[in-house]
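Biologist: Please show me the model, and then let me ask about it piece by piece.

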Amino acid sequence: MATIGKTALVVDDDPHSLFYTQRGLLKLGFASVFTAHSGKEALRLIQQHKVDVVLADWSMPEMSGIDLLGVLRSGSTVQSIPVILVTGEQRADMVKEALELRLSGYIVKPFSYAKLMETVIRVLEQHEEEGTKEGDDIGGLLTNQ
């Protein structure tokens, strides 16, 4: 499975969402799942640990998920990390902005474990197959299942 031996980073300012997502990723087979309450904290963790995928809430104080995505895409050593944004928003302009920054996936809150599993596995498999190519077509991911 694409998640075995991998490390994930979950970034969310909501403790409940952070716990639910972390628990779901561990259940999915990730070797370790780091958590951060802000984009700034996430950047510190990424500098300290090898991270295979980032799941970040779009709306957070200090540094939003989209701002975190922008910083990661501009960094030479971490720009290929797959990033999945998690949000309660489904506005087309927001999705377009994220796609321009080579977003790997998108999940709308509230989401099920099945949707989390489907999206994370798809993103990791595409990342492995395509090397460092990002900006995958995320059509169809804007529904809650």
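Modeller: Helices (H or I, at least four residues) and strands (E, at least two) are DSSP runs, numbered from the N terminus. This is a predicted model, in which local features need pLDDT of at least 70 and side-chain atom pairs count only at pLDDT 80 or more, while totals for chains, interfaces and linings use all residues. Residues are numbered from 1 along each chain as its sequence is written, and side-chain values use heavy atoms, with hydrogens and water left out.

Biologist: How many helices and strands does the protein chain have, and which pattern do they follow along the sequence?

Modeller: The protein chain has 5 helices and 5 strands. Read along the sequence, the pattern is β-α-β-α-β-α-β-α-β-α.

Biologist: What percentage of the residues in the protein chain is buried?

Modeller: Buried means under 20% relative accessible area, exposed means over 50%, and partly exposed is in between (1.4 Å probe, protein chains only). Of the 145 residues in the protein chain, the buried share is 50%.

Biologist: Where is alanine 36, and is alanine 36 buried or exposed?

Modeller: Alanine 36 is in strand S2 (residues 32-36). Its relative accessibility is 0%, so alanine 36 counts as buried.

Biologist: Which residues is alanine 36 in contact with, leaving aside its neighbours within four places in sequence?

Modeller: Contact means heavy atoms within 4.5 Å. With neighbours within four places in sequence left aside, the contacts of alanine 36 are Leu9, Val10, Val11, Asp12, Leu18, Glu41, Ala42 and Leu45.

Biologist: At what angle do the axes of H1 and H5 cross, and which word describes H1 relative to H5?

Modeller: Axes are lines fitted to C-alpha atoms, for helices over the stretch in contact, and angles run from 0 to 180 degrees between N-to-C directions. Angles under 35 degrees count as roughly parallel, over 145 as roughly antiparallel, 65 to 115 as roughly perpendicular and the rest as oblique. The axes of helix H1 (residues 15-27) and helix H5 (residues 113-130) come within 10 Å and cross at roughly 60 degrees. That angle makes H1 relative to H5 oblique.

Biologist: Which residues make the contact of H1 with H5, and how do they divide by class?

Modeller: H1 contributes Tyr20, Thr21, Gly24, Leu25 and Lys27, and H5 contributes Tyr113, Leu116 and Val120. Ala, Val, Leu, Ile, Met, Phe, Trp, Tyr, Cys and Pro count as nonpolar, Asp, Glu, Lys and Arg as charged, and the others, Gly among them, as polar. By these classes, the contact of H1 with H5 has 5 nonpolar, 2 polar and 1 charged.

Biologist: Which residues of H5 are buried, and what is included in their cover?

Modeller: The buried residues of H5 are Lys115, Leu116, Thr119, Val120, Ile121, Val123, Leu124 and His127. Their cover includes H1, strand S3 (53-57), strand S4 (83-87) and strand S5 (105-108).

Biologist: At what angle do H2 and H3 cross, and which word describes H2 relative to H3?

Modeller: The axes of helix H2 (residues 39-48) and helix H3 (residues 65-74) come within 9 Å and cross at roughly 30 degrees. H2 is therefore, relative to H3, roughly parallel.

Biologist: Where does arginine 102 lie, and what is its relative accessible area?

Modeller: Arginine 102 lies in the loop between helix H4 (92-100) and S5. Arginine 102 is partly exposed, because its relative accessible area is 31%.
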